[in-house]
Amino acid sequence: MTTGTFSDALDKMEERFIEEASGYNAEKAGKKPRARMISLIAAACAVLLLASGAVAWAVKKSEAGTVTSQPDILYFVALTWERESYDAGETIPVTLRVGAGDIGVSELKIWSYSDGMRLSSGDPMYLYAENGDFDPHDFTLRYPDYKVHKDGRITAKVEELPFTLPLGLCAIAQNDCSGSINISVKLSGVGFSQRKTVSLFYEIKDGRVFLLRTEEYFPDLNDEKF
Amino acid sequence: MAPEELENSIVRLYWERDEQAIALTEKHYGGFVFSICRNILRERRDAEECCSTTYLKMWNSIPPERPNSFTAFIARAARMTAIDRLRERTRQKRGPGRLESLDDLSEFLTDDLSVADEVEARELGALINSFVSSLEKRERVLFVKRYYFNTPVKTICRELGVPRSTAYSMISSIKERLKKLLEKEGYLQ
């Protein structure tokens, strides 16, 4: 059976069910909406967090920047590309896929580090959620809502995660070389910040850039570049 | 004004060919229609266009129609308009033509949103209606919200006041029962 058949069959849904579902919400059913409950809990937690700020700072400091006991919000970062080789002078289109949860993410930052290559524009790139609440089941990255700032940053509005983001890479090395470009993604929200890095290994030879493979990269958190 | 009164007065305005009917529809049902289209299309501009098409469909179909439930009537029109747009987008290769919620059922549905045979759709529709009717109220609401309206799970959790884990376990249980029924009735091999 196809999704088309199932969808057309759903069109025959009886009106009473449609009406019932349209009018149903937890408040009407006498239940306290979970979102509101979570807001109250979050507000209480925020007060507690503020009160224990010094302790939290000390704990964080002792862990050398590692933020522990947080749920995994940023699940993965992956990179794909179309061809094996490109001219060294051309912009190489790659696609970055970011898989993430939806716990109040309000900002996403993408930046790269490499001796031989870099993101062709907008490095670092910032993406902001309007309401700080992504839903991984809906995703829309609004193009072309980019804003280019005077300092070179590019910001865009993201409504939901996960999403795919087309990026451009370009070679900056003058001579033949090989190495990797590390593309990092950092998600931030109230009280948390998580990041992941994907490394793309390349080789520049005779005016051609060869893309070899990617792997997840675990940066040294004490390294200021990350 | 009570919802029934509002519905009746809007339908009456359509029957009187008073353009105020569209303005009132937009005012009172605009958000509802937009959310249906938006949930299916996942793209604001297309959803906005579908809203306008839906209002035009209301104008062209009432009269002769005199819906018992204007809410259900406009919801159905909005859904069909959005799905038509989704199919058009697929034909023009302007994006994936898939209903996100039906990914839940990918275990037994193949990904092809083409228009189905009307007779088959009607028969299957009757079976789905009897299945929905057999569900407990909260499951029924979840089923309609998820598969009819293509509502994201997160939104359903908020509207039903349940944690996400509960919603997924309800979806899983509904899926199993639906699969068994479809197998029993010969829709699945």
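What share of the contacts in chain B between residues at least 6 apart in sequence join residues at least 24 apart? I looked it up: 62% of them do, with a contact meaning heavy atoms within 4.5 Å.

**Ground rules**

I note that this is a predicted model, where local features need pLDDT of at least 70, side-chain atom pairs count only at pLDDT 80 or more, and totals for chains, interfaces and linings use all residues. Residues are numbered from 1 along each chain as its sequence is written, chains are lettered from A and ligands numbered from 1 in the order in which they are written, and side-chain values use heavy atoms, with hydrogens and water left out.

**Entry: chain B overall**

I went through chain B and found 8 helices and 0 strands. Helices here are DSSP runs of H or I with at least four residues, strands are runs of E with at least two, and both are numbered from the N terminus. Read from the N terminus on, the elements go α-α-α-α-α-α-α-α.

Next I checked burial. In chain B, 52% of the 189 residues count as buried. Buried means under 20% relative accessible area, exposed over 50%, and partly exposed in between, with a 1.4 Å probe and protein chains only. Chain B exposes about 9200 Å², and carbon and sulfur atoms supply 49% of that. These areas come from the Shrake-Rupley method with a 1.4 Å probe; for residues, only the protein chains shown count as cover.

**Entry: chain A overall**

Then I turned to chain A, which has 4 helices and 12 strands. Of its 226 residues, 40% are buried. Chain A exposes about 12100 Å², with 54% supplied by carbon and sulfur atoms. For contacts in chain A with a separation of 6 or more, residues 24 or more positions apart account for 64%.

**Entry: how confident is the model in chain A?**

I looked at pLDDT, the predictor's confidence in each residue, from 0 to 100. Chain A averages 67, and 50% of its residues score at least 70.

**Entry: a loop in chain B**

I stopped at the loop between α3 (44-61) and α4 (70-91) of chain B, where P63(B) lies. A cis peptide bond joins I62(B) and P63(B), with omega about -15 degrees. Another cis bond joins P63(B) and P64(B), with omega about 15 degrees. P64(B) lies in the loop between α3 and α4 too.

What does R17(B) touch, not counting residues up to four places away in sequence? I found W59(B), I62(B) and P63(B). R17(B) is in the loop between α1 (3-15) and α2 (20-41) of chain B, and counts as partly exposed at 37% relative accessibility. R17(B) and P63(B) are 46 residues apart along the chain, yet their C-alpha atoms are separated by 8.6 Å.

**Entry: rings and charges**

I got 7 aromatic pairs over all chains. Rings of Phe, Tyr and Trp (its six-membered ring) pair if their centres lie within 6.5 Å; planes under 30 degrees apart count as stacked, over 60 as edge-to-face and the rest as tilted. Ring pairs link W59(B) into a cluster with Y14(B), Y29(B) and F70(B).

I also looked for charges over rings, which means NZ of Lys or CZ of Arg within 6 Å of the ring centre and within 35 degrees of the ring normal. R66(B) lies over the face of W15(B), 4.0 Å from the ring centre. In chain A, R213(A) lies over the face of F201(A), at 4.1 Å.

**Entry: cysteines**

I counted 0 disulfides over all chains, a disulfide being a pair of cysteine sulfur atoms within 2.5 Å. C37(B) is buried, at 0% relative accessibility.

**Entry: positive phi**

Is D206(A) buried or exposed? I found D206(A) exposed, with a relative accessible area of 65%. D206(A) is not a glycine, but its phi is positive, about 50 degrees. N150(B), also other than glycine, has phi near 60 degrees, and is buried at 1%.
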